[in-house]
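Here are some notes from going through this one. Have the model open while you read, and check the points against it.

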Amino acid sequence: MEISEPYRNLGAVLLPVLLLLLPSASVLRKGRSVGLVSAAYPPIDPIDCDLLGCGGKYECYGNGWVNYLPYRPGDQYNIPLSAFHLGASTQQGQPQCLLGTANNYLPWVTEDGRLTVRSGRHALDLSNLRLNDRGVQSLVQGVSALLPLEEVLHLSMARNELTLVPSPTLKKFQNVRLLSLSGNFFAEFSNETAEHNRLPILTKLLVLDMRNCSLRSLPETFFNNVNLQYLFLSHNRITTLPAEIFYPLRSLLHLDLSNMDTRRTGEERIENPFMKLIAGVDLHQDMFFPLINLVFLDLSNTRLEYQAFIALRSVQRRVKYVSYCNIGLPAIVDYLFLGKKIEMLDISYNVGVAQSLHSASFTLLADSLEVLYFKDSMVQQLNWLAPLQKLRVLNLRGNILRMLHRESFANLTHLEQLDLSYNYISAWNQQILTTTDALQSVNLRNNSIVILTTDMLYDFSRLSAMGLGGNTIQCSCNYVKFLRNILHNRTDVAGAYTISAEPLIVGRRGSGTVSNKLSLQHVQLFDYDESEYLCMNFTSNQKLDPLELQDCMIPEDELINSELPDVQEEQQTHAKNHTLVYILVSVAVSFLILTGVGLFYYWFHIKYFFKIMKNSAVLSFFNDDKLYLDKSGLLKDADFHYDVFVSYSNADRSWVLDHLLPNMEGVSQINLCLHERDFEVGYGILENIISCMDRSRCLMLIVSESFLLSHWCQFEMHLAQHRLLETRRDELILVLLEDIPRRKCPKTLSYLLKTKTYIKWPTKSVNEQALFWKRLHKTLLTSKA
């Protein structure tokens, strides 16, 4: 009899599984009693290798990754706080984010899906068997004759060839607590496989691992029968999730949605650059609202669609550990931190965020934030650090910082570790770390430091560890003495060279005063490599070993100021030049005042002029015959196909369809052009926008905060103004659905609001709304006539 393909390898698979489940077979043969089998298994501790990793009376094997989970439920996560590593600023592959990977939170399963717990009835490992759906079902049925499945607490079906969620099979594991289905290739969910479209009733299931399962979405009722605490969905292809999918998971503590592959099938090559900006995961605005107990949220390396960022305002108030690393975050806005209890935050690799930073960006996190990673994000200034008084670890690696100022660190009294590596920081002549008494380590590798000043040495003396490699530092007495003392700290050599405190020289020889001293005896270099600590002789343009240079023959108290003239000589020199200095300063101040007054009155117009010129240059790139579906709109006296072209965001779609459309086309017979209804199928979005604008009599912008967050709406606003200037028309109507804060208002919109009369939608009074429609009708009918 021929064996069917689904069962062909079942015998070969079943034997090792049975050997795993029955490690005491020899005891059974010796004792000739079933009772001896039970005696061979010690009583199962209910917390053995539980979701927190290692518990009970033994240590589990672990998966080879550092365990970041808390030791006990409710404790703090054990995420390492060290901000330093010596590699390059930009790593190959996915960026490294603060919260690590799912492997750091799944100690009971290896990276390839195998269980790490001891063998026994409480653990069933069916991973890496290459079984299909029927094969797994038959194997479990065979195992059930030898082992009571209700005793299984740890179950892995990872790395098989499952195409359907094995819900009928999982029903048999009533008490399973930890379940891994990772590494399978689940097909699209459909009505034809309804019994596989949700998990079965598993009341004790706490942890679900569905990483790397090729999931594109999940049914809305998928989690209705479980009450999870930890959910891992990383490395899938999810592009959208139902709005109410998380409603059953009110006990969820840990959610991992990181590393999603958001590329649409068939769109691997996206020609239009605007599509690359908006492609990503689409989330409902209240997506995280049901997760009232959520503590940990990881969205690392998962690009979000532009509208999906509004969903982040629904993150609840108990969240403490958050990673928005490399998600395409466009700006720092208040609704990102409504929880106010975030302790660890990663917003690295979001290049657009730096442009929106201001002094109040992190005010909501002033009482909670302890760890902030803000790497490779084009950060240029640090005035936004002021509110973060509880910050302990700050990582600003790989930005474009150039200067450090004392005011930036004045409130960081609890700061312990600071990473400023791979920036463009130069030497400073003012002590910047005077208030950071808790600071222990600073990483200044690979910056633009050329010389060590006294104030820098004074700041370094406050540390216990630092890194300075990769800088091109001048061969100076300061550097030679500094490096020799630091390296001596690695030995038992007693004593340390002292440096003068601020001011540079407190007392001179013979003056009777004593200089303050600060020691480098306790400072260590965590990155010392001889090749990275060579100094540069700029005269000969050669790198030298500072440890081989001769000692500087300069008294220690005057190390920095060996060429400083006497006080009397200084006063005479200054007196000779006072008159010339006063004249030059007066002329310069007068010129600056006149220039400043002129810029004050015309600065906005000057900036706006260059903004318009830039937009015109960009849009002229697209001004090709192939972009026009109909060029008649460019003729001044041509008939228009539409009365009004309406630009609006998807968030305002209901207002347009429920209010604007009935009152315009239904009452006044004014023909509107809406992108979702009137764009021609088969043409690009850019082509449709330009064509419809040119065939419309006037343009209407429906302005709201959502409008300002939309790339396409911003583009349509710039294009509208460009087209009006090009065709010498002045038909632009602004409708404000809500008040726009000044700091969120872009320059183009600010100019339009100052130069054009706009109309605001009244939200409270019915009479005012009637007046609103009357005024709008009059304006449009006048334009039409």
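The points below go from the overall picture to the core, the surface and the charged pairs.

1. First, the overall picture. Bear in mind that this is a predicted model. The protein has 785 residues, and 49% of them count as buried. Its secondary structure comes to 16 helices and 25 strands. Of the contacts between residues at least 6 apart in sequence, 68% join residues at least 24 apart.

2. Now the core. The largest nonpolar core holds 123 residues, and Phe223, Phe288, Tyr324 and Leu345 have the most contacts inside it. Helices H4 (133-144), H7 (454-460) and H8 (477-488) are the elements that give two or more residues to this core, and H8 provides the largest share, five residues. Where does this core sit relative to domain 1 and domain 2? Both domain 1 (61-69 + 97-262 + 279-328) and domain 2 (401-489 + 519-554) give residues to it, so it lies between them.

3. Beyond its neighbours within four places in sequence, Leu345 is in contact with a set of residues including Leu98, Val322, Tyr324, Phe337 and Phe362. There is also a second, separate core of 27 residues, with Leu699, Leu708, Trp712 and Met717 among them.

4. Have a look at helix H12 (residues 685-694). Nine of its ten residues are buried, so the rest of the structure largely encloses it. The buried residues in H12 include Glu687, Asn688 and Asp694 as well as Leu686 and Ile689.

5. Helix H9 (residues 567-620) is where you'll find Ile593, which is exposed at a relative accessible area of 52%. Ile593 belongs to a nonpolar surface patch that also includes Val589, Val597, Phe600 and Tyr601; together the patch residues have about 1,100 Å² of accessible area.

6. On to charges: the count of salt bridges is 16. Arg397 and Asp419 pair at 3.8 Å, N to O; Arg397 is in the loop between strands E11 (393-395) and E12 (417-419), while Asp419 is in E12, 22 residues apart. Both Arg397 and Asp419 are buried.

7. Arg697 and Asp643 form another salt bridge, at 3.6 Å, N to O. This pair links strand E23 (residues 696-703) to strand E21 (residues 642-647), with the partners 54 residues apart. Asp643 is buried, at 10% relative accessible area.

8. Lastly, Asp678 and Arg677 form a salt bridge, with their closest N and O atoms 3.3 Å apart.

Conventions. Residues numbered from 1 in each chain as written. Predicted model: local features only at pLDDT ≥ 70, side-chain atom pairs only at ≥ 80, totals over all residues. Heavy atoms only, no water. Patch = residues over 30% accessible without salt bridge, like charges linked within 9 Å, V, L, I, M, F, W, Y side chains within 5 Å. Areas by Shrake-Rupley, 256 points an atom, 1.4 Å probe, with all protein chains shown as cover. Salt bridge = Lys/Arg side-chain N within 4 Å of Asp/Glu carboxyl O. Helix = DSSP H or I, 4+ residues; strand = E, 2+ residues; numbered from the N terminus. Buried < 20%, exposed > 50% of the residue type's maximum accessible area, 1.4 Å probe, protein only. Core = buried A, V, L, I, M, F, W, Y, C linked by side-chain atoms within 4.5 Å. Domains from an automatic or database assignment. Contact = heavy atoms within 4.5 Å.
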